[in-house]
Amino acid sequence: MYSATMRAVGGNADFEADLPGHVQRVLATCLQARRDEAADLDPAVGSAVAELNDFVLGGGKRIRPTFAWWGWRACGGTANGPEAEAMLQAASALELIQTCALVHDDLIDESDTRRGKPTIHRRFQQQHRDSEHTGDDTQFGMAAAVLLGDLALAWADDMLHSSGIPAEAMMRALRPWRAMRTEVLSGQYLDVLGQVNVDESPEAALKICLLKAASYTVQRPLELGAEIAGARPEALTALRRFGSDIGVAFQLRDDLLGVFGDPAVTGKPAGDDLREGKRTVLIAEAVAAAHERDDQAKLDLLHEVLGDPLLTEQRVESAREVLTELGAVAAVEKRITELTGSAMLALHTAGLDEPAASRLAELAIAVTDRNH
């Protein structure tokens, strides 16, 4: 059943004039209610939830809800009214899955900053110090991050199920929703495993890319919206192809930014992916090229910088030069171009509704050709 608020807002709102702004509105309303519930349990829980809410509302491009929305519109979903408001809430739930993934990813990678601010585990580590609590501050920060990440994941399910979409649409939506959660966590595990078993093959890197990024960034959000709208089988097939290709291209761009990005723009220290020892497609291409050329010096340098938490800016710059000289940067750029082209072909032959088809084409360029 639609709430009175949803009917009032959804009846005349122009969601597409500021889709990220409407996602922010939905999230703010939901999270304020959850914070109030948490504070009723205990003020300390309310304070912890306030930190989580600040993280959710304090940044992010709202890419996943945007793709879900245009998947909905591409397959006949309405632009406004109560059904559109329900869809908007269902799409916004994706941001809470993203929150869980980021909070846990930062913890696994021991990252200090996210979006230019301290990561959740670092925030709680500092709280422990400031309050002069007993015990280990690092362990406290880790524990808080695990619990708050889990809370965000639980709230994502709550938000989807309370969105107000019809029961039949919910049953369709659960297929990509369930697949997405399993895929992103599986990709995260393979990412962690790849850093310890040192699998440097492009195939392993690409599988992680598909599961950890492409699935929950583009493909499954698109399918979520399309399924809620009751998409035709051929439209779903086209959107899956488009979403998979653009999702991989998105992550490949992210891999390049993780090494070559400007910290002032990305919000993360330069070379963080190197310090964390991530076996990305970029690294896999470089390692394969070094082996092919029998260039042991460049191979040794790559192995020395990967996973070095004390990596200096000078060493990061040396790694950048090696990645460029080995042709890895050009190879990744080529993959991005090819994937974007194949995605556009799938999109243009799908017969999707306008303006969604054009907007998806614009989004594809926006997420694959960016600097943050």
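These are my notebook entries on a predicted model of one protein chain.

**Ground rules**

I number residues from 1 along the chain as its sequence is written, and I leave out hydrogens and water, using heavy atoms for side-chain values. Because the model is predicted, I ask for pLDDT of at least 70 for local features and 80 or more for side-chain atom pairs, while totals for chains, interfaces and linings use all residues.

**Entry 1: the whole chain**

I began with the secondary structure and found 17 helices and two strands in the protein chain. Both kinds of element are DSSP runs numbered from the N terminus: H or I of at least four residues for helices, E of at least two for strands.

Next I looked up the radius of gyration, which is 21 Å, close to the 21 Å from the globule rule for 372 residues, so the chain is as compact as a globular protein of that length. The radius is taken over C-alpha atoms, and the rule is 2.2 Å times the number of residues to the power 0.38. The C-alpha trace spans about 65 × 60 × 30 Å along its principal axes.

How much of the chain is buried? I noted 53% of the 372 residues, where buried means under 20% relative accessible area, exposed over 50%, and partly exposed in between (1.4 Å probe, protein chains only). For contacts (heavy atoms within 4.5 Å), I saw that 76% of those with a separation of 6 or more join residues 24 or more positions apart.

I also checked the surface: the protein chain exposes about 16100 Å², with 55% supplied by carbon and sulfur atoms. The areas come from the Shrake-Rupley method with a 1.4 Å probe, and for residues only the protein chains shown count as cover.

**Entry 2: helix H4**

I turned to H4, residues 63-74, which reaches 16 Å from its first C-alpha to its last, close to the 16 Å expected at 1.5 Å a residue. The expected span is 1.5 Å times one less than the number of residues. How many of its twelve residues are buried? The count came out at twelve, including Trp69, Trp70 and Trp72 as well as Arg64 and Arg73. These buried residues pack against H2 (19-41), H5, H9, H10 and H17 (356-368). After H4 comes Gly76, with a positive phi near 105°.

**Entry 3: helix H3**

H3 covers residues 43-57, and its end C-alpha atoms are 21 Å apart, in agreement with the 21 Å that its 15 residues should span. Among its buried residues I listed Leu52, Asn53 and Phe55. The partners of the buried residues of H3 are H2, H5, strand S1, H6 (120-130) and H7 (137-161).

H13 (residues 281-293) has 13 residues and an end-to-end C-alpha reach of 18 Å, close to the 18 Å expected. Its buried residues include Ile283, Glu285 and several alanines, among them Ala284 and Ala286. They pack against H9 (202-229), H10 (233-260), H12 (272-275), H14 (296-305), H15 (313-325) and H16 (328-348). Asp294 follows H13 and has a positive phi near 55°.

I then picked Leu274, in helix H12, which counts as buried at 1% relative accessibility. Leaving aside neighbours within four places in sequence, Leu274 is in contact with residues including Val259, Ile283, Val305, Asp308 and Ala319. Arg62 is 212 residues from Leu274 along the chain, and their C-alpha atoms are separated by 26 Å.

**Entry 4: a buried aspartate**

Asp105 sits in H5 (residues 82-109). Is Asp105 buried or exposed? I read a relative accessible area of 11%, so Asp105 is buried. Not counting residues up to four places away in sequence, Asp105 touches Arg114, Gln188, Lys212 and Lys278.

As background, most residues other than glycine have a negative phi, and most peptide bonds are trans.

Glu110 is not a glycine, yet its phi is positive at about 55°. Glu110 lies in the loop between H5 and S1 (113-114) and counts as exposed at 60% relative accessibility.

Arg115 also has a positive phi of about 55°. Its place is the loop between S1 and S2 (117-118), and at 27% relative accessibility Arg115 counts as partly exposed.

Which peptide bond is cis, with omega near 10°? I found the one from Glu354 to Pro355, and Pro355 is in the loop between H16 and H17.
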